[in-house]
Amino acid sequence: MEVLDYHKLKIFKTVADTKSFSKAAELLFLSQPTVTLQIKKIENYLGITLFKRDKKGVLLTPEGETLYKYASKILEDYNLLEEGLSNLKENLQKSLRIGASTTIGDFLLPDILPEFISGKEGIKVNLFVGNSKEIEEGILSKIFYVGLIEDEVHSNKYEQFEFFSDEIILIASKDADIPDEVEPKELEKYRFVFREQGSGTRNIVEKRLEQEGVKIKPEIEISSSKAIARLVANSHYLSFVSRLVVKNLLGVHLREVKIKGIKFTRKFYCITQKNIRLPKIDREFVNYLLGLEKR
């Protein structure tokens, strides 16, 4: 006999938050057919339709909205129950679940996590690395409680604060045919490789260049900053990446190209879901981040 259990409610809420069966499957580490099947089982069990398709993705029906309201409360209570029981077991491993956008996950966290976990016995860290949009979706679905992203989020569903200052730079190979400094409009005559749509790095660069009336159409899109740096080093393509990504490659395989009148500075943000109580280890990590730039 089918029951409306935690597993099904978790899948339902993730689909609702992401407005996508495929994105929910990726965040939950499930196949898309499995997600579709579980949603169908809920619909059959309740005798209702939960989602309708729209140009923006899959949206909740009125019945789905009602289930979402109660499912969110049930899942929150379940997480609080787990934390309460976990705190009763002194030797139980502590679990820190973090979602980080690519630049932060690949190039900043490996430098700072060892300091945070040093001396904390039994801590277990789970890190999901994706683009900023995926991290925002994961926070709402409670796949992880702490999200680290490269662009400010404009939604009242999140608490957010700045925790690190970063700079995005224009890179070229050492022998690329481009001056050390260019006018903004000159960029349009070069060939570019960009991060994928939804990337925080790309969003910031495109918004700033748009203010200068510069429009760049990348010939290649890659979801890995590390792969972009290697491609640029071995070609005549240009790209924009965080200075963190190439700090050990500048002057060796790559060089920085200045843009007259433009400097891409940004903040990294920590986001959590609004109006929820974070587990103890997550609160400790957030406090650690707050003091990061003072170290």
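Analyst: By class, the lining of the largest cavity has four nonpolar, two polar and two charged residues. Here Ala, Val, Leu, Ile, Met, Phe, Trp, Tyr, Cys and Pro count as nonpolar, Asp, Glu, Lys and Arg as charged, and the others, Gly among them, as polar. This is a predicted model: local features need pLDDT of at least 70, side-chain atom pairs count only at pLDDT 80 or more, and totals for chains, interfaces and linings use all residues. Residues are numbered from 1 along each chain as its sequence is written, and side-chain values use heavy atoms, with hydrogens and water left out.

User: Which residues line the largest cavity?

Analyst: Val193, Phe194, Arg195, Thr201, Arg202, Val205, Ser239 and Phe240. A cavity is a set of points on a 1 Å grid over the protein atoms alone where a 1.4 Å probe fits but cannot get out, and lining residues have an atom within 4 Å of a point.

User: Which element gives the largest share of that lining?

Analyst: Helix 7, with three residues. Helices (H or I, at least four residues) and strands (E, at least two) are DSSP runs, numbered from the N terminus.

User: And what volume does the largest cavity have?

Analyst: About 40 Å³. That is the space filled by probe spheres set on the grid points, which are joined across faces, edges and corners.

User: Switching to helix 8. Which of its residues are buried?

Analyst: Ser225, Ile228, Ala229 and Val232, in a helix that runs over residues 225-233. Buried means under 20% relative accessible area, exposed over 50%, and partly exposed in between (1.4 Å probe, protein chains only).

User: Why do they line one face of the helix?

Analyst: Seen down the axis of helix 8, the buried residues fall within an arc of 100°, so they line one face. The arc is that of the directions from the helix axis to the C-beta atoms.

User: What covers them?

Analyst: The cover includes helix 5 (102-117), strand 6 (158-173) and strand 11 (254-259). Strand 8, strand 10 and helix 9 (243-246) are also among the covering elements.

User: Where is Asn275 found?

Analyst: In the loop between strand 12 (264-273) and helix 10 (280-290).

Terms used
1 Å grid on protein atoms, 1.4 Å probe; cavity = no way out; pocket = protein on both sides within 12 Å on 5 of 7 lines; lining within 4 Å. Contact = heavy atoms within 4.5 Å.
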